[in-house]
Amino acid sequence: MWKPKIAAPTFLFRDKLEKEMPKILEQYAQIGFDGVEFVGFGGWDKKEIKKMLLEYSLTPAGNNLSLYDIMDNLKDVVAVHEELGFYSLTAGSLRKEHLPGGEYFGETVEWFTKLGKECSAHGLKLLYHNHDFELREKINGKTHLDILMDSIPTEFLLLQPDLGWMQIGGADPVSYLQRYQNRCPFVHVKDFFATDMEKIGNPFDLEGKRGGAERGFFEFRPTGYGISNIASQLPYIKACNPEWLVTCQDTGYERNSFEDLRLGLEYVKKLCQLGTEHF
């Protein structure tokens, strides 16, 4: 039996954080999550965030922020997260010009290296969170994600693999878990549905709506309720010895998102109880 720590993402409620953060965290605690991965604090100050975390007995697993916003106020951002006891800071969604092959990719490497050194000095892990676009484009046979990770020392940048987005981007999640086995302390176990992977295209274009027939009826689903083979991925996730897992989907549509999170959490817990030797 494997009992990983599992965090809930506030990204699913990103439009409600300013008014409903306490309610959201309370629901996470009641569902049974060990911690929370923030996407910013929704305007709440650090004292209020600390109070909520203590009140609901949730561990601050991470905060997924814009690299550009972090670099505007690097030392203060790192100091606040150290003070609150965060495990990690996560950055992603680079602009095209900051991706490999872009005009400012050298600046990206400098920023991540500088930020990684600052995080390391203050007991934080710096993670890069992938989507699909870093996997679709290649330079000399290497994906943008591989080039980025190869350009920055492991001690300064780790990977937060989003297994669902990897699959949407045409990559094999298991191959990435194997390749970066010693570099994945925080894994997003994401699920989705589509009748035809070739028709999905860019999910961001859907603007939070389901895809129609022309997009393979794409939609995000609770972890374990889509077409991702989570059971086959689990042994490779475990081999990474991650500190945290996140069960999530990016959009809940008209469904009850708290119920979706509960379903995903229960699914992953049951898989872990069975043990990876069964898969």
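**Entry 1: E118**

I began with E118, which is placed in helix α5. Helices (H or I, at least four residues) and strands (E, at least two) are DSSP runs, numbered from the N terminus. The model is predicted, and I noted that local features need pLDDT of at least 70, that side-chain atom pairs count only at pLDDT 80 or more, and that totals for chains, interfaces and linings use all residues. Residues are numbered from 1 along each chain as its sequence is written, and side-chain values use heavy atoms, with hydrogens and water left out.

Is E118 buried or exposed? I recorded E118 as buried, because its relative accessible area is 15%. Buried means under 20% relative accessible area, exposed means over 50%, and partly exposed lies in between (1.4 Å probe, protein chains only).

I then looked up the partners of E118. Its side chain makes a polar contact with the side chain of K75 (3.3 Å). A polar contact is a pair of N or O atoms within 3.5 Å; within protein, one must be able to donate a hydrogen and the other to accept it, and residues adjacent in sequence count only if both atoms are side-chain atoms. With neighbours within four places in sequence set aside, E118 is in contact (heavy atoms within 4.5 Å) with L74, K75 and V78.

**Entry 2: E82**

I found E82 in helix α4 (residues 74-84). E82 is partly exposed, because its relative accessible area is 38%. Residues up to four places away in sequence not being counted, E82 touches H122 and L124. I also compared E82 with E37: they are 45 residues apart in sequence and 15 Å apart in space, C-alpha to C-alpha.

**Entry 3: H129**

I located H129 in strand β5 (residues 125-129). H129 counts as buried because its relative accessible area is 4%. Which side chain makes a polar contact with the side chain of H129? I found that of Q160, at 2.6 Å. Apart from neighbours within four places in sequence, the residues in contact with H129 include N64, T90, E134, Q160, D162 and H188.

**Entry 4: Aromatic rings**

I noted 15 aromatic pairs in the structure. Rings of Phe, Tyr and Trp (its six-membered ring) pair if their centres lie within 6.5 Å; planes under 30 degrees apart count as stacked, over 60 as edge-to-face and the rest as tilted.

Y28 counts as buried at 0% relative accessibility, and F33 counts as buried at 5%.

Y68 and W111 form an edge-to-face pair because their ring centres are 5.8 Å apart and their planes stand at 85 degrees. This pair links distant parts of the chain, with Y68 in helix α3 (residues 67-72) and W111 in helix α5 (residues 105-121), 43 residues apart. Y68 is buried, with a relative accessible area of 9%.

I also recorded one aromatic cluster, formed by W165, F192, F204, F218 and F220.

**Entry 5: Helices α10 and α11**

Finally, I examined helix α10 (residues 230-239) and helix α11 (residues 257-274), which pack at an angle of about 60 degrees with their axes 11 Å apart. Axes are lines fitted to C-alpha atoms, for helices over the stretch in contact, and angles run from 0 to 180 degrees between N-to-C directions. Which residues make the contact? I listed I230, A231 and L234 of α10, and Y267, L271 and C272 of α11.
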